[in-house]
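Please keep the sequence and the model in view while reading.

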Amino acid sequence: MTYEQQILNILTEAGERGISVQSIARHVYNTNNTFFHSPDFADIHNFVQQFLLRNSKSAQSLIETTGRRGYYRLNTSGSADARQLMLNFKEEQQNKPSEDADETKKEDRSLCLFDFTE
């Protein structure tokens, strides 16, 4: 997955409140940091910053600023692509089966060792 796709996924998960450039860079760095390859954090931070600046220039851009300095979010009001990303993310979250719900549905069919019927 490319850095651009990772940034868009992070912005999708962040929602309407947005997320800071520093946090996005940290997420991308942690996603790509492995035992055998450690990317330079400064390079990733610069890439994230430039990508966000480049893609938040106009009102129809995919990304917009939140009003707070250094915070960005998806532009759901001006971009159809951003709305589609949010819909895909919401559908994915709703389709994930909850493990807790599965555990409550299971019936206990184990044998009781201490069941004394007299």
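Two residues are said here to be in contact, or to touch, when heavy atoms of the two lie within 4.5 Å. The model is a predicted one, in which local features need pLDDT of at least 70 and side-chain atom pairs count only at pLDDT 80 or more, whereas totals for chains, interfaces and linings use all residues. Residues are numbered from 1 along each chain as its sequence is written, and side-chain values use heavy atoms, with hydrogens and water left out.

**The chain overall**

- The secondary structure comes to five helices and three strands, where helices (H or I, at least four residues) and strands (E, at least two) are DSSP runs numbered from the N terminus.
- Following the sequence, these elements come in the pattern α-β-α-α-β-β-α-α.
- Of the chain's 118 residues, 27% count as buried; buried means under 20% relative accessible area, exposed means over 50%, and partly exposed is in between, with a 1.4 Å probe and protein chains only.
- The chain exposes about 9,100 Å², of which carbon and sulfur atoms supply 48%, the areas coming from the Shrake-Rupley method with a 1.4 Å probe and, for residues, with only the protein chains shown counting as cover.
- Among contacts in the chain with a separation of 6 or more, 40% are between residues 24 or more positions apart.

**Tyr72 and its surroundings**

- Tyr72 belongs to strand S3, residues 71-74, and is buried because its relative accessible area is 8%.
- Once residues up to four places away in sequence are set aside, Tyr72 touches Leu11, Gly18, Ile19, Val21, Leu52, Leu53, Ser56, Ile63, Glu64, Thr65 and Thr66.
- Although Tyr72 and Gly15 are 57 residues apart along the chain, their C-alpha atoms are separated by 9.8 Å.

**Aromatic pairs**

- Rings of Phe, Tyr and Trp (its six-membered ring) pair if their centres lie within 6.5 Å, and planes under 30 degrees apart count as stacked, over 60 as edge-to-face and the rest as tilted; by this rule there are four aromatic pairs.
- The ring centres of Tyr29 and Phe41 are 5.6 Å apart and their planes stand at 85°, so this pair is edge-to-face.
- Because Tyr29 lies in helix H2 (residues 21-32) and Phe41 in helix H3 (residues 41-54), the pair ties together parts that are 12 residues apart in sequence.
- Tyr29, with a relative accessible area of 19%, is buried, whereas Phe41 counts as partly exposed at 28% relative accessibility.
- Phe35 and Phe36 also form an edge-to-face pair, at 5.2 Å centre to centre and with 85° between the planes, and both of these residues are exposed.
- Tyr3, Phe47 and Phe51 form one aromatic cluster.
- Leaving out residues up to four places away in sequence, Phe41 touches Gln22, Ala25, Arg26 and Tyr29.

- Ser20 is in strand S1, residues 19-20, and counts as buried at 12% relative accessibility.
- The side chains of Ser20 and Ser23 are joined by a polar contact of 3.0 Å, that is, a pair of N or O atoms within 3.5 Å in which, within protein, one must be able to donate a hydrogen and the other to accept it, and for which residues adjacent in sequence count only if both atoms are side-chain atoms.
- Apart from neighbours within four places in sequence, Ser20 is in contact with Gly70 and Tyr71.
- The charged end of Arg68 sits over the ring of Tyr71, 3.9 Å from the ring centre, the rule being that NZ of Lys or CZ of Arg is within 6 Å of the ring centre and within 35 degrees of the ring normal.
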